Amino acid sequence: MTNLPANGPGPGANDAQSTGGGSGNPRPATRAKHTRVIAKNGDSSDPGGAHRPWGAAEAAQLAADDHTVDLISLGKQIRHLRKQREMSLDDLGAAVGSAASQLSLIENGKKEPKLSMLRALARALGVSSDELLGSEPPNRRVALEIALERAQRSAQYQALGLPNVKPSGRTPTEILEALVGLHREVERQVNLHTATPEEARRANTELRRRMRDKDNYFGDIEAEARTLLNGVDYAGGPLSQHQIADLAAYLRFTLHHVDDLPHSTRSVTDLKHRRIYLTQVGTGAHDPRTVLLQALASHVLQHDVPRTYLEFLGQRVATNYLAAALLIPESSAVAFLRQKMTGKEIAVEDLRDNFAVSYEAAAHRFTNLATHHLGIRTHFQKVHKSGIIFKAYENDDVAFPADPTGAIEGQPVCRYWTSRQVFDVPDKFNAFNQYTDTATGTYWCTARTERSADGLFSLSIGVPYEAAKWFRGKETKARSVSKCPDPDCCRNPPRALAESWAGQVWPTARAASSQLAAMPLGSFPGVDETEVYQFLERHSKD
C-alpha cells in the first residue's frame, strides 16, 4: 500500500479473464466490478485504448455521463439515420410531431428526448429503440464526430476560450481525424505536466475522503472475501499458505516460483495462460501470503488497466483491502474484537497475534471494522522517525496536519503526539499508550515502532477519550498537550535557541530524488513494462 492512505490494507478483468479457460471449479458467480474509486470518462471510439501517462488529472465529467442516455451518441445516431434516409429536419419533425428546432437540439446532444419521443423517432427512422440507443457508432466518421464533440465540451477545452468546430457533411473525414488527433495530443501533453507528486497528493486526499465517508468499511469487498473463503472451506483462524494456494487453484490459476522475476514487481500474472509468477526468495519485506492474495485480488475485483493515478491508487486500496479481508476474515475478527471489547481489553497486538499478520496489517484492519461493527471512531498513522507522516486515516475528527491540497502524507506531525513520543520510549517491547490533549479534543493512542527497509516507523491507533475505556492500556499515566497548528507548539524553535543560532546555520536537506521527479509513466507506475513482457515471453515457452 505504498503511498496510500491507510485503508485496511486494503481502501477489472476483461470477460476473457472472468470466464477463464479449461475445466475445473467454476468461479464464484458474483463478479461485479467492485469499489470503482473513479469513473471512467473514456471514449468508446478511441482506437486501441492507448495507455495514458500516469499522474494524469481526471478528465472533466461530460454532461452526457450523468444521463442514462448518452446524448452525444444518441444525437449523432439520429442525424446519421436521418441523412441516410434523405430526410430533412422538417420531414422528421412532421413524422414525429415535433418542431425542427427541437430535433436540432436533440441531434446536437443538448436536449434529452422523452421516452415517447424516442419511440416516435425510432419508428420514423425504421429502427428499434435499442438500435437508436446503441452505444456503438455506426461508422468511423460518426465515431470521430462524437469524439470531437466530447473533446470540445471538456472543461479543459472550454477554458481555452476557443470556438467549437461543428462539422458539416462537406467536412472531409481527414479533417476530423486531424482535429481529434490534436485534441488527444493536447490532453496527453497536459497529462504529462500534471504527472507530479502534487497530483499524487490530491489523489491521496480524494481517496481518504471517500474512505472516511464509508468509515473505511467496504461491504461489497467483505462479501467477496466471504465467497472466496467459503470456496476453500475456511473454518477460522489464520489463513495458511496452503489455503491460499487452494484459493488460487479455486480461481483456476497455477503458481510458479521463479528466480528472475522483474525487479520492479512483487508478482506477475499471466492472464493468457492463467499463471501467477512469484519470487522463489523471500525478501522479508512483504508477507508472501499478502503478495499472492493481492495478485488474486486484482483478478477477482476485475480491475481494468487504470487510466489515471487516482484510479491506480483506488485499485491498490481495493486489492489491499481484499487481501486483508482474507487474511483477517470479518466474521472471525469481529467475534474476536467483540470478545475483547466485553473485557475492555482491545489491543492491536492481540489481533496481530491471533491472525499471524504484521502489526501494521492488524492496525489497518482494525480501522475497517472498528466503526462499522464496534461503533468506535478511530484514526491511524504511520510516521517516520523524522516525524513525517507516510500514511494516515481518520474518522474521529483528529486534526492531522495537511498541505494546501489537503494531503496529509509528507507533513510533519506534532512532536507531542503519541506517534512521535514513542520513538523516545526505552521499552520497545510493549506498546506505548498516551493521552494527548489537542485542539479538537483529547485522544488516547497506542503505538509501536517497527523497522523496515525505509527506516524506523511508528504505527499508532487512536480513539477519542470516551472510547479509551474499551482498550488495554487505558490506565496509562502518560499525557501530553499539543497546541498545533499553533507554530509555537513545536514548529518554531525555542526563543533562546533561535536567538543563539538564527542566521548561523546552513543545513543540507536530505531530500529524496523522487520528491523532485514526476510520477513514472506507463500502465503501472514504477513497473518496467518491457521487462515484464520479456519475462512473460521467456516463461510462456516453459
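Predicted model: local features only at pLDDT ≥ 70, side-chain atom pairs only at ≥ 80, totals over all residues.
The handedness of the crossing is left-handed.

Which residues make the contact? From α12, they are Gln241, Ile244, Leu247 and Ala248. From α13, they are Pro288, Arg289, Leu292, Leu293 and Leu296. Sorted by class, the contact of α12 with α13 has seven nonpolar residues, one polar and one charged.

Next, helix α10, which covers residues 197-213 and has 17 residues. From first C-alpha to last, α10 reaches 24 Å, and that is close to the 24 Å expected at 1.5 Å a residue. Which residues of α10 are buried? They are Pro197, Glu199, Ala200, Ala203, Asn204, Thr205, Leu207, Arg208 and Met211. Glu199 and Arg208 are charged, and both are among those buried residues. Just after α10 comes Asp215, which takes a positive phi of about 55°.

Last item, Glu131. This residue is found in helix α6, residues 129-132. Is Glu131 buried, partly exposed or exposed? Its relative accessible area is 47%. Buried would need under 20% and exposed over 50%, so Glu131 is partly exposed. In sequence, Glu131 and Leu74 are 57 residues apart. In space, Glu131 and Leu74 are 10.0 Å apart, C-alpha to C-alpha.

Note on methods
Residues numbered from 1 in each chain as written. Heavy atoms only, no water. Left-handed = near helix turned anticlockwise from the far one by under 90°. Helix = DSSP H or I, 4+ residues; strand = E, 2+ residues; numbered from the N terminus. Contact = heavy atoms within 4.5 Å. Expected span 1.5 Å × (residues − 1). Buried < 20%, exposed > 50% of the residue type's maximum accessible area, 1.4 Å probe, protein only.
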